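Morning, everyone. Please bring up the model on your screens, and keep the sequence beside it.

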Number of protein chains: 2
Amino acid sequence: MDIQAYMLDLGRAARAASRQLARTDTAQKNRALLAIADALQRDSDALVTANQADLAAARDAGLEPAMLDRLTLSAAGVAQMAEGLRQIAALPDPVGEMGEFAYRPSGIQLGKMRVPLGVIGIIYEARPNVTADAAGLCLKSGNACILRGGSEAIRSNQAIAACVHEGLREAGLPEGAVQVINTTDRATVGALVTMTEFVDVIVPRGGKGLIARVSAEARVPVIKHLDGNCHVYVDVDADLVKAGRIADNAKTQRYGTCNTMETLLTHHTVAAEFLPVIAAIYLSKGVELRGCPRAQEIIGAQVKPASEDDWFTEYAAPIVALKVVDSLDEAIEHINHYGSHHTDAIVTENYTTARRFLREVDSSSVMVNASTRFADGFEYGLGAEIGISTDKIHARGPVGLHGLTSQKWVVLGDGHVRG
Amino acid sequence: MDIQAYMLDLGRAARAASRQLARTDTAQKNRALLAIADALQRDSDALVTANQADLAAARDAGLEPAMLDRLTLSAAGVAQMAEGLRQIAALPDPVGEMGEFAYRPSGIQLGKMRVPLGVIGIIYEARPNVTADAAGLCLKSGNACILRGGSEAIRSNQAIAACVHEGLREAGLPEGAVQVINTTDRATVGALVTMTEFVDVIVPRGGKGLIARVSAEARVPVIKHLDGNCHVYVDVDADLVKAGRIADNAKTQRYGTCNTMETLLTHHTVAAEFLPVIAAIYLSKGVELRGCPRAQEIIGAQVKPASEDDWFTEYAAPIVALKVVDSLDEAIEHINHYGSHHTDAIVTENYTTARRFLREVDSSSVMVNASTRFADGFEYGLGAEIGISTDKIHARGPVGLHGLTSQKWVVLGDGHVRG
């Protein structure tokens with residue numbers, strides 16, 4: 001198989017489909033989404049069978065349990081994929097949104113119109129549901145997409161792709177609108193991320209290794225998510241009841257998510273009162289405590305010493321780092337230095353302190369008196385999300401339909417010329 | 001001189017300054033802008049003298065007259081730079097703008113805040129005024145910048161840099177906020193566009209060669225402007241008086257600008273009436289005509305045959321390509337295929353035709369009954385512009401203060417946790 005030629009074919013088909021999709025009206029896109037959902041649900045047994053073949057091969061290859069878990073697609077998982085597509089169909093169509101029209105002194109009326117980006121390349125690992133989610137988000141936002149799933153999920157992904165193509169055909173849309181790469185050859189990734197003529201943006205979804213590799217090779221712009229090293233800062237003026245709820249929820253509601261808190265910062269004035277309470281909660285849930293010397297002194301021997309590395313670490317595990325700080329300035333400095341610019345929260349009742357935290361913490365989501373766990377596309381009302389961006393260029397934070405679009409300027413005149 | 005070490009020093013200083021600038025209030029930024037303007041005006045004679053040394057060296061080196069023209073900085077040019085900075089000071093500060101706050105079903109209140117990008121690298125040629133314009137736009141938008149001007153302008157740029165630094169100092173801002181590379185060594189460009197740790201975005205301003213080189217080498221995201229191959233389409237339902245004014249203005253008001261029309265498309269039904277009129281106007285202004293066979297037939301021997309290449313060409317000269325088309329579809333197809341996705345206009349009185357043109361032409365500015373010459377930052381009310389982007393990612397069209405910012409999500413709660 002000539003990978004370069006294969007990928008160029010995909011690229012050309014995607015570009016052609018993207019031109020058609022950009023003009024496709026909302027109703028037709030929604031028909032395709034619903035038809036794909038129906039096909040997935042109807043083929044549920046076949047999808048689960050394909051997935052079991054992937055799982056068997058993965059077990060033979062000695063994949064880790066966590067990876068097997070992410071790879072698994074149950075009948076309930078299929079139903080969830082279908083439901084996700086129906087939710088995307090129900091979302092407002094961002095394409096063609098117009099606004100901000102105002103007259104300029106020259107007499108022209110200037111506004112903006114939202115447009116698709118064109119062709120999106122998505123590179124992901126394990127989870128087969130990404131195939132349906134990504135296809136749905138790209139389709140609704142008027143973009144063609146080329147999907148490159150993990151090699152361990154290729155049977156599942158091809159089975160899902162068949163349902164996607166059936167739905168596209170039923171709605172009268174070209175199959176080039178959603179193409180799932182049908183080989184596990186890694187050269188396809190290198191080709192995809194360098195086809196600047198045919199691909200407008202790359203979204204890698206997966207571990208740090210994948211994202212680093214994609215970023216290093218890419219010539220196409222990348223919307224990427226690096227670490228989720230999130231913080232909660234309990235201020236001197238915090239309501240400690242709220243602080244306890246938030247620090248508990250941010251750490252323990254789910255350990256593996258990117259918006260989970262990793263380091264809890266506490267103002268020294270309230271540390272003696274607050275830390276023993278929250279430490280007891282964490283210990284009762286089996287969370288390992290690592291702390292600075294002052295946190296150790298207050299809580300006691302259950303706290304292991306935190307190293308410099310701990311402050312930089314996204315544990316994605318039942319471990320929390322505890323640090324006592326002397327001031328808001330020190331908290332902000334710590335977050336901006338050690339954090340990953342993902343999501344950080346302050347607990348405070350002080351207006352000026354809250355305002356400074358919001359302005360000065362350089363993260364994609366900044367919060368007052370709320371759990372970092374809220375930072376996702378569903379909670380933000382974006383419907384689904386294609387990922388969470390820790391970049392500042394283009395999209396920041398959860399990337400939903402709007403993050404997959406751009407805007408063009410619209411000028412309305414009546415024979416106006418420039419003087 | 002160790003270029004790598006020198007550039008890393010600039011990068012570190014820029015990153016540190018960017019953190020401070022992001023927190024700097026509007027009044028202090030404006031004080032710096034006005035102090036820079038005053039210093040430029042006061043040092044006008046010295047700036048012109050430095051520029052004359054650049055010009056003498058450029059003449060010795062045999063630079064083309066057009067290049068010498070762009071390089072020239074007169075006393076009036078200095079006054080214009082100063083005035084530009086005062087205009088930037090008068091613009092609203094985009095940093096910290098908040099909006100779109102709405103309650104989510106969970107009870108959190110979700111909105112957005114505008115934030116600087118961080119550190120901007122700008123690579124440009126010839127025109128020394130870019131040094132002051134770029135410094136001003138970056139400063140107002142809370143970004144630090146590293147400027148790499150053309151080697152032919154190094155004396156002028158260093159003289160301007162001295163005034164910028166004086167203004168920064170007077171306003172209590174670090175000199176790292178605006179750094180102008182003080183060597184003509186080309187290795188500085190390679191270093192600048194690959195320092196992903198210290199530079200957040202690169203804006204190349206100059207000829208195609210420069211932009212292609214920067215794009216090929218860059219690891220930092222690039223906001224770039226490629227061609228300006230703009231079109232006016234005179235529809236079957238055009239008001240031909242408006243069409244004449246617009247086609248004249250779009251081509252002849254200035255020949256060298258990127259928003260100048262290069263190809264005029266005319267619906268065949270009105271071609272016999274319209275083309276002789278507009279051709280006479282062009283010929284009276286010394287504009288060379290190149291056309292398709294139908295345009296040649298209608299206008300006559302003054303029209304040279306247009307080749308396939310002509311449709312792709314940004315002449316930036318008194319030359320216009322003329323094509324007769326059979327339909328709106330053919331016009332849209334031509335623009336999307338041969339154009340550069342910059343700025344394209346339709347002249348029509350037909351509502352449905354106008355609506356289709358706006359939606360289906362894939363350009364950063366689309367216009368109805370207005371001259372393409374309106375597509376710039378000043379006419380769009382952005383104040384100055386750092387450039388015009390023909391990309392879709394991040395910024396599209398004229399890039400002013402807002403294009404140099406990003407947005408973060410802001411979540412306001414009252415002890416909210418995720419269920």
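I will go through the strands, their partners and the helices packed around them.

Ground rules first. This is a predicted model, where local features need pLDDT of at least 70, side-chain atom pairs count only at pLDDT 80 or more, and totals for chains, interfaces and linings use all residues. Residues are numbered from 1 along each chain as its sequence is written, chains are lettered from A and ligands numbered from 1 in the order in which they are written, and side-chain values use heavy atoms, with hydrogens and water left out.

Start with the sheet in chain A. Four strands form an open sheet in the order S5-S4-S3-S6 (chain A), and the pairing is parallel. Pairing takes at least two DSSP bridges between two strands. Strands (E, at least two residues) and helices (H or I, at least four) are DSSP runs, numbered from the N terminus. S5 (178-180) and S6 of chain A are the edge strands, each pairing on one side only. Neighbouring strands here are turned by 15 degrees against each other on average, direction ignored.

Now look at S3(A), residues 119-124. How many of its residues are buried? 6 of 6. Buried means under 20% relative accessible area, exposed over 50%, and partly exposed in between, with a 1.4 Å probe and protein chains only. Val119(A), Gly121(A) and Ile123(A) point one way from the strand, while Ile120(A), Ile122(A) and Tyr124(A) point the other way.

What are its partners? S3(A) runs parallel to S4(A), residues 144-148, with 5 bridges joining them. There, Ile123(A) stands opposite Arg148(A). S3(A) also runs parallel to S6(A), residues 201-205, again joined by 5 bridges. On that side Tyr124(A) faces Arg205(A). Further out, 3 bridges join S4(A) to S5(A), in parallel. Ile146(A) has Gln179(A) as its bridge partner.

Next, the helices. S3(A), H6(A) (residues 129-140) and S4(A) make a right-handed β-α-β unit. Right-handed means that, with the strands pointing away from the viewer, the path from the first strand over the helix to the second runs clockwise.

H6(A) also packs against H2(A), residues 26-42, at about 165 degrees, with axes 9 Å apart. So H2(A) is roughly antiparallel to H6(A). Angles under 35 degrees count as roughly parallel, over 145 as roughly antiparallel, 65 to 115 as roughly perpendicular and the rest as oblique. Axes are lines fitted to C-alpha atoms, for helices over the stretch in contact, and angles run from 0 to 180 degrees between N-to-C directions. Which residues meet? Leu33(A) and Ile36(A) are among those from H2(A), and Ala132(A) and Gly136(A) are among those from H6(A). Contact is heavy atoms within 4.5 Å.

H1(A), residues 3-23, lies across S3, S4 and S5 of chain A, at about 145 degrees to S4(A).

Now move to S13(A), residues 365-370. Here too, 6 of 6 residues are buried. S12(A), residues 343-347, pairs with S13(A) in the parallel sense over 4 bridges. The chain crosses between them through H15(A), residues 351-360, and this β-α-β crossover is right-handed.

Which strand of chain B pairs with S13(A)? S16(B), residues 405-416, in the parallel sense over 5 bridges. Ser365(A) has Trp409(B) as its bridge partner.

Last, chain B. Its open sheet has 4 strands in the order S5-S4-S3-S6, with parallel pairing. H7(B), residues 154-170, lies across S3 and S5 of chain B, at about 160 degrees to S5(B).
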